[in-house]
Amino acid sequence: MKLNFQHKLIVSFLVIFALFAAGIVVFEQQRARQYKTEALKERLDAYADQVYRYLSQSKNSLASRDSVLALMPPEFRVTLIDRGGKVFYDNAFPNPGSMENHLDRPEIADAMAEGSGTFIRTSSTVNQPYLYYAKDNGSPLILRVALPYDIHVQSFLKPDNAFLYFAIGLFLVGIV
C-alpha cells in the first residue's frame, strides 16, 4: 500500500509525538529514581549523624555503640573504620579485627574524598547485598551505615508508574 503525502505527514507527526512522549516518560522515571535515592541517602545521613553525635557524647565504649543501635531499624548495619581502613567496629560481624582492610571500598574512598559516599554491592563479610552510606565528618573514624538491599529498598527506589500510565493515556487520546 502506497501512502500519499497527507498520510506520510500524519505518520511522521505520530512518530515525532511518540518519541517526544517516550523521552518525557524516560526523563521523569529517571528523575523519580534520583529523587527517591536522594531521599534514602538523606535518611542514611541522618542516621549517621545520630550515631556520630551519640558516640561523641558517650565514653566510646562498645556498650554505648550497641545501645545507639537500639534506636535504629533492626536490619541496620553500622561499621566504624579508622583512616587506615582497619575496621574498628561492625555490629554484623563479631570479630571486626579480623576483617579485611576497607580503604578500597568505593563508599569509603568517596567519603574520604568528598565527605560522603554511597554504593550498592554484596558484602564480602556477610554475603548479603547492602546499600552502603559512608560519612567522614573529620573525626578519627569514618562511619559507614548500611541497609540490606532487599525487596523493600528496591521497591522504594523503583519509580511510580502513575506518570507512565498518564503519558500513555494522553498519547492515545492525542492519536485519536
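Student: Which residues have the most contacts inside the largest nonpolar core, and how many residues does that core have?

Tutor: A nonpolar core is a set of buried Ala, Val, Leu, Ile, Met, Phe, Trp, Tyr and Cys residues joined through side-chain atoms within 4.5 Å. Buried means under 20% relative accessible area, exposed over 50%, and partly exposed in between, with a 1.4 Å probe and protein chains only. Here the largest core has 18 residues, and those with the most contacts inside it are Leu44, Val51, Phe76, Val78, Leu80, Leu143 and Val145. This is a predicted model, in which local features need pLDDT of at least 70 and side-chain atom pairs count only at pLDDT 80 or more, while totals for chains, interfaces and linings use all residues. Residues are numbered from 1 along each chain as its sequence is written, and side-chain values use heavy atoms, with hydrogens and water left out.

Student: Which helices and strands each supply at least two residues of this core?

Tutor: Helices (H or I, at least four residues) and strands (E, at least two) are DSSP runs, numbered from the N terminus. Helix H1 and the strands E1 (77-82), E4 (129-135) and E5 (141-148) each supply at least two residues of this core. H1 gives the largest share, seven residues. Another core, of seven residues, lies apart from it and includes Met99, Ile108, Ala111 and Ile142.

Student: How many aromatic pairs does a search of the whole structure find?

Tutor: Rings of Phe, Tyr and Trp (its six-membered ring) pair if their centres lie within 6.5 Å; planes under 30 degrees apart count as stacked, over 60 as edge-to-face and the rest as tilted. The search finds two pairs. In the pair of Tyr130 and Tyr132, the ring centres are 5.5 Å apart and the planes stand at 40 degrees, so the pair is tilted. Both Tyr130 and Tyr132 are buried.

Student: Which residue lies over the face of Tyr130?

Tutor: A charge sits over a ring if NZ of Lys or CZ of Arg is within 6 Å of the ring centre and within 35 degrees of the ring normal. Arg77 lies over the face of Tyr130, at 5.1 Å from the ring centre.

Student: Is Tyr165 buried or exposed?

Tutor: Tyr165 has a relative accessible area of 56%, so this residue is exposed. Tyr165 lies in helix H5.

Student: How many helices and strands does the protein chain have?

Tutor: The chain has five helices and five strands, in the pattern α-α-β-β-α-β-β-β-α-α along the sequence. Of its 176 residues, 33% are buried.
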